[in-house]
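Let's take a walk through this fold, starting with a sheet and ending with its pockets.

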Amino acid sequence: MSTVPRPQFAERDFRKATRSEPDKSCVRVARRDGWVELRDDKTVFGASDDHRLVFTAEEFDAFLAGAREGRTEGLCLEITRRDADGMHVFRRRGWAAVELVFTEAELLAFQDGIANHEFDAIAYAA
């Protein structure tokens, strides 16, 4: 993990993929100062159940590169599909304390954002 203190992200720091529908829930990603957080916007920002997945920028950049290459093993973010209801569970590899659950449409929008480099550091520099 980074030795740089993790920033406190504001709601405006989180963005979703362009493919996400404007008034629909989605995966939200914030990044700054060497840190990345993922949250589910079906949860009220800042509420007690507004759980986050936290990664260093290096970990998340490796995930983005791997996802673009079709690799999933050994990356910081694990995404699994539940057979019972078809929902997709996001968790930090090796740490199941926080899970975020998304629909197929939310996952596809997130994957589209990855493919289009919408969550890369350069996209947040503007």
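Start with strands E1 and E2 (residues 35-40), which run antiparallel and are joined by 6 bridges. Strands here are DSSP runs of E, at least two residues long, while helices are runs of H or I with at least four, all numbered from the N terminus; two strands pair if DSSP finds at least two bridges between them. Within this pairing, arginine 31 stands opposite valine 36 in E2.

Keep in mind that this is a predicted model, where local features need pLDDT of at least 70 and side-chain atom pairs pLDDT 80 or more, while totals for chains, interfaces and linings use all residues. Numbering starts from 1 along each chain as its sequence is written, and side-chain values use heavy atoms, leaving out hydrogens and water.

Zoom out, and you get an open, antiparallel sheet of 3 strands in the order E1-E2-E3. Its edges are E1 (27-32) and E3 (53-56), each pairing on one side only.

Now for the pockets. A pocket is an open set of points on a 1 Å grid over the protein atoms alone, where a 1.4 Å probe fits, with protein on both sides within 12 Å along at least five of seven lines; lining residues have an atom within 4 Å of a point. Of its 18 lining residues, Phe63, Arg71, Thr72, Leu77 and Ile79 are the closest to its centre. The second largest pocket holds about 160 Å³, and its lining includes Arg19, Cys26 and Glu106.

Definitions and conventions. Grid points are joined across faces, edges and corners, and a volume is the space filled by probe spheres set on the points.
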